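Please open the structure in your viewer and keep the selection tool ready. The stops below take you from one selection to the next.

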Amino acid sequence: MPPPLLELRHVTVCRGNTTALSAVTLTIAAGEHVAILGPNGSGKSTLIKAIARECYPMALPGTIFRIFGEATWDVFRLRRRLGIVTFDLAEACHQELTGREVVLSGFFSGIGLWRNEPVTPAMERQCAAALAALDASHLGARLMTALSSGEARRLLIARALVHQPAALLLDEPTTSLDLRATHDLRVVLRRLAQNGTGLILVTHHLHEIVPEIERVILLRAGEVIGDGPKSAMLTPERLQALFGLPVQVRQENGYYQVQTQG
Ligand code: ADP
């Protein structure tokens, strides 16, 4: 059995005076497709930052934080196994850089290419393959500052794919995308999941939970309040407890939609 992609036991993370994650325990197997769903302030970004080694759990007795079975990682090694696409990355990449430069910079865990970072023919091939996988080959020569949000988002995912990681960790990937771009991105995510890339989707949008995601973890005020099959988690009762207001839930074509009254 390969070690789990993620194994967290009693993980507590403080940000300033706030306990952003409180004794979080969860395990995600390699190859699993999972959504971590929570309202604003529930600790989603903190969880992503902890996985990306941008903030650290408190060293309490019984705390375990392992990625692919290991407790210590440097960022460069981690990025080869786990592609991470966040808002911070989107902001950092919004520069006068071409799509190709942004995708290739994934090999160096930086933004843009520097003279001392030689791009090999193998890297160019991987870059072209990642762009093709995202239906984004035509965006390689375009400047990031001249792209729509949906186009830029696809390049960031291509950037995360250059190392052919076992899984992608995505932070609200369709935020600020219009209907068409949301649809196109979901098609791409579904294809990646079907081809064996694990998806860990961290979000408050139910419509991002593509049918291939079979498990949902509910996060509220820094605590896991539910973890199980999608059908058991995305119920009106559970979602009311999560978001703090009465909701109705509809399921259609493998997607869930939530509606509030008023
Ligand atoms: P989410 O991504 O689900 O909106 P966050 O992880 O950003 O949640 O925040 C979780 C909690 O930590 C919130 O109460 C938030 O106010 C707090 N928090 C986040 N960042 C900081 C920070 N830099 N300093 C202090 N508190 C923070």
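Select Asn-40, which is exposed, with a relative accessible area of 67%, and which sits in the loop between β3 (34-37) and α1 (44-51). Keep in mind, here and at each later stop, that this is a predicted model.

Next, show the whole protein chain, which contains 9 helices and 11 strands. Its C-alpha atoms fill a box of roughly 50 × 45 × 40 Å along the principal axes. A compact globule of 262 residues would have a radius of gyration near 18 Å, and the value for this chain, 18 Å, agrees with that. Of the 262 residues, 50% count as buried, while the chain exposes about 12,300 Å², of which carbon and sulfur atoms supply 52%. Among contacts between residues at least 6 apart in sequence, 62% join residues at least 24 apart.

From the whole chain, move to helix α7, residues 179-194, whose 16 residues reach 22 Å from the first C-alpha to the last, close to the 22 Å expected at 1.5 Å a residue. Which residues of α7 are buried? Colour Ala-181, Thr-182, Leu-185, Arg-186, Val-188, Leu-189, Leu-192 and Ala-193, for these are the buried ones. If you then look down the axis of α7, the buried residues fall within an arc of 160°, so they line one face of the helix. On the other side of α7, Leu-179, Arg-180 and Gln-194 are exposed. To see what the buried residues of α7 pack against, display α5 (121-133), α6 (149-161), β6 (167-171), β7 (198-203) and β11 (255-260).

Stay with α7 and inspect its two ends. At its start, a side-chain oxygen of Asp-178 reaches to within 3.2 Å of the backbone nitrogen of Arg-180. Just after the helix, Gly-196 takes a positive phi of about 105°. Select Thr-197 as well, in the loop between α7 and β7; Thr-197 is buried, with a relative accessible area of 11%. Leaving aside residues up to four places away in sequence, Thr-197 touches His-33, Pro-165, Ala-166, Ala-167, Leu-168 and Leu-192.

The following stop is α6, one of the elements against which the buried residues of α7 pack. Among the buried residues of α6 are Glu-151, Arg-153, Arg-154 and Arg-159, along with Leu-155, Leu-156 and Ile-157. The cover over them includes β5 (82-85), α3 (87-93), α4 (99-104), α5, β6 and α7.

Gln-164, in the loop between α6 and β6, has a phi near 50°, a positive value in a residue other than glycine; at 60% relative accessibility, Gln-164 counts as exposed. Ala-23, in strand β2 (residues 18-28), likewise has a positive phi of about 50° although it is not a glycine, and at 42% relative accessibility Ala-23 counts as partly exposed.

Methods:
Residues numbered from 1 in each chain as written. Predicted model: local features only at pLDDT ≥ 70, side-chain atom pairs only at ≥ 80, totals over all residues. Heavy atoms only, no water. Helix = DSSP H or I, 4+ residues; strand = E, 2+ residues; numbered from the N terminus. Expected span 1.5 Å × (residues − 1). Buried < 20%, exposed > 50% of the residue type's maximum accessible area, 1.4 Å probe, protein only. Arc of directions from axis to C-beta. Contact = heavy atoms within 4.5 Å. Polar contact = N/O pair within 3.5 Å; in protein donor to acceptor, adjacent residues only side chain to side chain. Rg over C-alpha atoms; globule rule 2.2 N^0.38 Å. Areas by Shrake-Rupley, 256 points an atom, 1.4 Å probe, with all protein chains shown as cover.
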